[in-house]
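Please examine the sequence and the model shown below. The explanation after it is intended to be read with both in view.

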Amino acid sequence: MKINRGCLIAMIIILVIIADQAFKIWVKTNFYMGEDYEITSWFHLKFIENNGMAFGLELWNKIVLTIGRIIAVGFFIYFLLKIRAKESLRTGFIVAMSLITAGAAGNIFDCVFYGQLFNNPYPPELAQMLPPDGGYAGWFEGRVVDMLYFPFFSFYWPDWMPIVGGQHFEFFQYIFNIADSAICVGVFFLLFFYSKDVNIALQSLKKEDRVDSAN
């Protein structure tokens, strides 16, 4: 049975965004800032927020970053619409691109709306949705909610080691969310399984652009 790629793209994007936003809102309204709930020794739910990119990185001005995300998602959606019917591209490549698009879109909701939708009380108080006194920031200035934390193991470097001696090391200390996970999974599949499809898709778009400019 032939898969309708347009429906597949829409389904992946919608499901990832719904799951991501539902989980974020639940954490935001049930955990206080910094609360750490241990599920296992290597898997915690830890509520933090960040102003920047995936895994808490901070590189640019907040509004510029949000606008950049919106432009990127717009480009990804345009790209998917252009290539979805090309039989030379494998369905797995379409799935990977859909995951990246969905992940980028999921974090946009936080940036655009959360500053107005939630307040930001001091711990151990919980955040309110649609607080009577207004949100904690302006439109496009909301912070991204992160909660997935996998502290697989940690140790202290021996004192005799230069530079890092005596310091605490934790393997995989990043805290992230479902949207970040979708982006990482999509990029992983592109790099290791569908790099040829990336080249095919880009070459195909270049040919279409040349044809359009000639006409």
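The model is predicted; local features need pLDDT of at least 70 and side-chain atom pairs count only at pLDDT 80 or more, whereas totals for chains, interfaces and linings use all residues. Residues are numbered from 1 along each chain as its sequence is written, and side-chain values use heavy atoms, with hydrogens and water left out.

Two packed helices are described by the angle between their axes and the distance between the axes. Helix H3 (residues 91-117) packs against helix H4 (residues 178-192) at an angle of about 155 degrees, and their axes lie 7 Å apart. H3 is therefore roughly antiparallel to H4 (a term for angles over 145 degrees). Helices here are DSSP runs of H or I with at least four residues, numbered from the N terminus. Axes are lines fitted to C-alpha atoms over the stretch in contact, and angles run from 0 to 180 degrees between N-to-C directions. On the H3 side, the residues that meet H4 include Phe93, Met97 and Ile100; on the H4 side, Ile183, Phe189 and Leu190 are among them. By class, this contact of H3 with H4 has 13 nonpolar, 4 polar and 1 charged residues.

H1 also packs with H3, at an angle of about 35 degrees and with the axes 8 Å apart. The residues of the contact of H1 with H3 divide into 14 nonpolar, 7 polar and 4 charged. In both tallies, Ala, Val, Leu, Ile, Met, Phe, Trp, Tyr, Cys and Pro count as nonpolar, Asp, Glu, Lys and Arg as charged, and the others, Gly among them, as polar.

The largest nonpolar core has 27 residues, of which Phe79, Ile83, Phe93, Met97 and Leu190 touch the most other members. Such a core is a set of buried Ala, Val, Leu, Ile, Met, Phe, Trp, Tyr and Cys residues joined through side-chain atoms within 4.5 Å. At least two residues of this core come from each of helix H1 (5-30), helix H2 (62-83), H3, H4 and helix H5 (195-214). H3 gives the most, with 11 residues. A second, separate core of 14 residues includes Phe31, Phe47, Phe118 and Phe176.

Ile83 is found in helix H2. Ile83 counts as buried because its relative accessibility is 0%, buried being under 20% relative accessible area with a 1.4 Å probe and protein chains only. Leaving aside neighbours within four places in sequence, Ile83 is in contact (heavy atoms within 4.5 Å) with Arg5, Leu89, Phe93, Ile94, Ala201 and Leu205. The C-alpha atoms of Ile83 and Ile200 are separated by 9.9 Å, although these residues are 117 residues apart along the chain.

Notes: Angles under 35 degrees count as roughly parallel, over 145 as roughly antiparallel, 65 to 115 as roughly perpendicular and the rest as oblique. Buried means under 20% relative accessible area, exposed over 50%, partly exposed in between (1.4 Å probe, protein chains only).
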